[in-house]
Amino acid sequence: MTGSLRFGTPQILFGLAVGILVIFVAVPVLLIFFNALWVNGSFNITDTVKVLSEPDTYKALINSLILASGVTVTGTIVGTFFAWLVTRTDLPYKGAMRVLFLVPFMLPSFIGALAWKMLLSPRAGYINRFFTETLGFSEPVFNIYSYHGIILVETMYLFPFVFIQVCGALERMDPTLEESARISGADLFTITRKITIPLVAPSILSGALLIMLYSMAHFGTVAMLGIEAGIYNIPTLIYERIHQSAGSFDAIRTGTVLSTVLVATAALIIWLQNKVLSGGRYQIIAGKSFRPTEIRLRGLRLPLLAFCIAYIGFTIVLPTATIFLVGGLATYGLPITPENMTFDNYHHILFEWDLTRDAIWNSIGLGLAAALITMFAGVIISYVIVKMKVPGKGILEFLGMLPFSVPGSVIALGVILAWSGKYGVNIYNTIWIILVAYIARYMAFALKANSAALEQVHDSLVEAARASGATMWQALRDIVIPLVRPGMVAAFFLIFLPALRELTVSVLLYGPTTRTIGVAIYTLNEDGETVYAAAMAGVALIIIVTAEVVVKRVFKIKQ
Amino acid sequence: MSSVRIAGLSKSYGGRSILHGLDLTVEAGESFTLLGPSGCGKTVLMRLLAGFETPNAGSIRIGDTVVADGGTNIPPDRRGIGMVFQDYAVWPHMSVRDNVAYPLKIAGIPADERDRLSRAAIGQVGMAGLEARMPSQLSGGQQQRVALARALVSKPSLLLLDEPLNNLDANLREEMRFEIRELQQKLGITVVYVTHDQEIALAIADRIGVMDETGRLRQVGTPDDVFDRPVDAFIYRFLGVANFVPMHRGGDGWCFPDGVGLWTGAPPELEGDRLTLGCRPFDIELSRDGSGLPGVVTRASFLGAQMDYLIDAGGVTFRAATDSRRALRDDQRFEEGEPCRLTFRGAQWFDASASEGGRA
């Protein structure tokens, strides 16, 4: 590298990449570990163990495990079954079904939890009331404030992780593997059981681990449904402690210890997932797309179609309708009849109430800013990682991907530790601290999208520019940036869309005027303003779905 | 146009030495081909010339400028070279015109002059009329022409070509190599061409430098030199299919192994009692009878213009080739299993080690 030392460009890029990652990612995460394991400046593991063995923290750990395991099992079964149904059978309308099963990915699960609370809370839930008041049941049919309830709701929103992976694997699987079994005399159901399922097992497992990863770190549903019944998992306990004690030393310490456990678990899950993915998965799955034989469902065709429609109606249509209807009620608890409906709530939150109006603009502003900044930072860092032959780029890659295994609540806590004045900068309670946390949280998305785009840009394209007389900057400007633009656009939306509906991070960082949409819905619900929470959730759904649809359209047209 | 003078050039990656003290001079206006097996370091040498790599030792001088030595390494954009890459490296987001005009744009040439020059360069490579096309609308051969036009448009003093014809099909490859040769002669430009294909090297070069796997230049010379007067068996083998036969001195002549027969051609000029005879398939003449070496055809393949035979002569296997039509006319087409006689029109002698380790 001696020759290029005189030309600052590579060094500037490298320095920028390191700087961004250290400030936004490394420092907050390191501060978490430091606070969890060091007491008064010395390493102290016994104290850490003591925090973990307190009844509350211990219980939260166990709850996280129970909930995550439950969701993983149910989500994997549901996801695998539907994936098989839409790829390998003659189910009618399976193309449309396939699209519909992905809709839950678009919807924020805490809004779903809010809807289910309104339907199935033991006393006030509309379904339970229908059974007790109209049908004369003595007890509510289902209590959503329970482990079962939480697992049920999380499953509805997380099963697509398995669904997507398994659909992909089933479609790419070499059909000769199944055909040869058929020639050997096995019938199609035996083949499915003995050949197909084992062959796609790695994909199922990898999807299952993704569900587990998200469920372990999941805040929204547990906060909405669990706190009422005293069910805390790690992220909700961190929130509760930080929130109640307004950032006391003990609370921070408990938070950091719990965070460390969470990060370690997540790291373990990701490690397992990498192992699963590298374990010969592609040897049985051909890269080309084939048309595999379809299993004829015969008499089960229509019942299964009805089941799919019922599932979609129950998990997507019903909660969404509930949100909008309750959002239109004059008072929560009234029966849903035309005379009780009004647009006042919507009008109020959109045009009159500063809290909700601020929240909408905050979320949009934060989403745009985080997406733009992270997109550009992502290009620079990916360029260093993918294209520059510098020592230490492995560390950069690790740092960039770290937020993947660092749950949102941990990032928020790390950001509090780093940016609330202890090290000279105090942006606590301002919008900036949320922005900083979003940048850290979504950096990995930007790196993935940009790295993929950059890998398509062959080195010789840049070298051809250099040989044509272009300096490093000119080659970047004229060749690299135009060619990775699709990756940058993808990164932008990969960040903007989830940031719009973000709750886990902002709920730990918001101040009086810096609520996000997610925080607004959550706090309105907490304060018992259920109709406003529902109305706000309805507005949020419209914004989120519109943004998703517009983005998909724009991308389709481009391709 | 510029000459290229390379002195004592060394390059290693992570402790693995690729080039070690290489010396080479390419004269101004010369078409020079670097020929060698893949992984021999010829591409590294090319990248050192272009400035994409920095040498560990030694110097490179292009024209009157030292572009690389111990202290200095002039970056690629200031070396005034043109370069064509194996994978074309045509920028997919720019039209043919924009691709070719880019070097001029970077050089700050005014728009109208730029337009005139790039049009001329596009015409030169036979792409006139396709200026507005995007690379995705072009075939591989057309893309490579664009790359060539782009490399030539700013009239570089040195043109580097890194296996530019590899990705093209056989017909196109043949056509393009003549065109490159023609352009080089017309423009009088200095060309360094890297390839592992000896046919291209022979067709295109004024001089060829043959490199071996260890990154050493084994022979530098005209195509005639390296083909007909190879300095060693490596060069001979690398430039085409070769038979190697271990020979020993016996009585007053040279004997084939196992007493199959005697060598009847001109005696070798080399010293020693054991030597290696090298001959090309076309050096062997086949006949049904006569005084030649007796053998049996073990494989006969009709390849269109020529017949390709595998012949066993007392345990020694020869590849032989004959012109199909002539063989037919003279009733010299052999079937598998038929006996035949071999006579040698030409041969090269190498020391005994050349035939160790089996047939070529």
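1. A residue is called buried under 20% relative accessible area, exposed over 50% and partly exposed in between, with a 1.4 Å probe and protein chains only; by that rule Arg441(A), which has a relative accessible area of 23%, is partly exposed. The model is predicted, so that local features need pLDDT of at least 70 and side-chain atom pairs count only at pLDDT 80 or more, while totals for chains, interfaces and linings use all residues. Residues are numbered from 1 along each chain as its sequence is written, chains are lettered from A in the order in which they are written, and side-chain values use heavy atoms, with hydrogens and water left out.

2. Glu502(A) sits in the loop between α23 (472-500) and α24 (506-509) of chain A, 61 residues from Arg441(A), and counts as buried because its relative accessibility is 3%.

3. A salt bridge also joins Arg241(A) and Asp56(A), whose closest N and O atoms are 3.1 Å apart. This pair links helix α13 with helix α3 (residues 55-88) of chain A across 185 residues, and Asp56(A) is partly exposed at 46% relative accessibility.

4. Over all chains, the search of the whole structure finds 31 salt bridges. In chain B, the side chains of Arg47(B) and Glu53(B) form one at 3.2 Å, N to O, and both residues are buried; together with Glu463(A) they are linked in a network of salt bridges.

5. Between the chains, 25 residues of chain B are in contact (heavy atoms within 4.5 Å) with 23 residues of chain A. Chain B and chain A bury about 1,900 Å² between them, 60% of it on carbon and sulfur atoms, where buried area is the accessible area (1.4 Å probe) that two parts lose on being put together, summed over both. Within chain B, Asp77(B), Trp91(B) and Ile106(B) lose the most area to chain A, together 27% of what that side buries.

6. The rule finds 2 salt bridges across this interface. Asp77(B) forms a salt bridge with Arg466(A), the closest N and O atoms being 2.5 Å apart.

Key
A salt bridge is a side-chain nitrogen of Lys or Arg within 4 Å of a carboxyl oxygen of Asp or Glu. Helices (H or I, at least four residues) and strands (E, at least two) are DSSP runs, numbered from the N terminus.
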